[in-house]
Amino acid sequence: VKLVETGGGRVQAGDSVRLSCAASDDTFSLVTSAMAWFRQIPGRQREFVAALISSNGERFYANPVKGRFTITRGSGRNTVTLQMNSLKSEDTAVYFCAARGRQILNSLLHDVREAYDFWGQGTQVTVSY
């Protein structure tokens, strides 16, 4: 399974950025029960940002990004986007896309790294003053 992230870059505080992620496998039969975004700052653990449950469209957000970030289904199968508005310097991080396979995700585990089976390589977002 391959997850490809696009978007990111260097922006100024207050700007917006959109990240996209597409998950696929060689058989083109991949089914994902949930997709999410995590982020990581050097020297710190990877932290949850947002998640989208495929079966019911339920969304979850980390407190620091509520009201500023929006996770949505992408236009393609097994794709997800993260719209990030009103960016702050503390949003600077490498953002990772994650996907869970066919097995349905207990929504209580939406922010647990180990609940996700597949990960992208990450894309850097740098927010400067």
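Glu 47 is partly exposed in this predicted model, with a relative accessible area of 29%, and the side chain of Glu 47 meets that of Arg 39 in a salt bridge at 2.7 Å, N to O. Arg 39, by contrast, counts as buried, at 7% relative accessibility. These two residues belong to a network of salt bridges that also takes in Arg 68 and Asp 91, and the structure as a whole holds three salt bridges.

**Salt-bridge network**

- Side chains of opposite charge can pair when their charged atoms come close.
- The side chains of Asp 91 and Arg 39 meet in a salt bridge of 2.9 Å, N to O; because Asp 91 lies in the loop between S8 and strand S9 (93-100) while Arg 39 lies in strand S4 (residues 34-40), the pair ties together parts that are 52 residues apart in sequence.
- Asp 91 also meets Arg 68 through a side-chain salt bridge, at 2.7 Å from N to O; Arg 68 is placed in the loop between strand S6 (59-61) and strand S7 (69-73), and Asp 91 in the loop between S8 and S9, so this pair ties together parts that are 23 residues apart in sequence.
- Asp 91 has 0% relative accessibility and therefore counts as buried, the cut-off being under 20%, and Arg 68 is likewise buried, with a relative accessible area of 10%.

**Aromatic pairs and charges over rings**

- A search of the whole structure finds four aromatic pairs, one of which joins Tyr 116 and Trp 119 in an edge-to-face arrangement, with 6.5 Å centre to centre and 75° between the planes.
- Tyr 116 is buried, at a relative accessible area of 4%, whereas Trp 119 is partly exposed, at 26%.
- Phe 38, Phe 48, Tyr 116 and Trp 119 form one aromatic cluster.
- Arg 46 lies over the face of Trp 119, at 5.0 Å from the ring centre, and the charged end of Arg 46 also sits over the ring of Phe 96, 3.5 Å from its centre.

**Nonpolar core**

- The largest nonpolar core has 37 residues, and the members that touch the most other members are Trp 37, Leu 82, Met 84, Tyr 95 and Tyr 116.
- At least two residues of this core are supplied by each of strand S3 (17-24), S4, strand S5 (47-53), S7, S8, S9 and strand S11 (123-128), and the largest share, six residues, comes from S5.
- Leaving aside neighbours within four places in sequence, Tyr 95 is in contact with a set of residues that includes Trp 37, Leu 82 and Met 84, and among the others in this set are Glu 5, Leu 19, Phe 38, Arg 39, Val 49, Phe 69 and Val 125.

**Surroundings of Thr 81**

- Thr 81 is found in strand S8 (residues 79-84) and is buried, with a relative accessible area of 12%.
- The side chain of Thr 81 makes a polar contact of 2.6 Å with the side chain of Thr 72.
- When residues up to four places away in sequence are not counted, Thr 81 touches Arg 18, Leu 19, Ser 20, Trp 37, Thr 70, Ile 71, Thr 72 and Gly 74.

Terms used
Residues are numbered from 1 along each chain as its sequence is written. This is a predicted model: local features need pLDDT of at least 70, side-chain atom pairs count only at pLDDT 80 or more; totals for chains, interfaces and linings use all residues. Side-chain values use heavy atoms; hydrogens and water are left out. Helices (H or I, at least four residues) and strands (E, at least two) are DSSP runs, numbered from the N terminus. Buried means under 20% relative accessible area, exposed over 50%, partly exposed in between (1.4 Å probe, protein chains only). A polar contact is a pair of N or O atoms within 3.5 Å; within protein, one must be able to donate a hydrogen and the other to accept it, and residues adjacent in sequence count only if both atoms are side-chain atoms. Contact means heavy atoms within 4.5 Å. A salt bridge is a side-chain nitrogen of Lys or Arg within 4 Å of a carboxyl oxygen of Asp or Glu. Rings of Phe, Tyr and Trp (its six-membered ring) pair if their centres lie within 6.5 Å; planes under 30 degrees apart count as stacked, over 60 as edge-to-face and the rest as tilted. A charge sits over a ring if NZ of Lys or CZ of Arg is within 6 Å of the ring centre and within 35 degrees of the ring normal. A nonpolar core is a set of buried Ala, Val, Leu, Ile, Met, Phe, Trp, Tyr and Cys residues joined through side-chain atoms within 4.5 Å.
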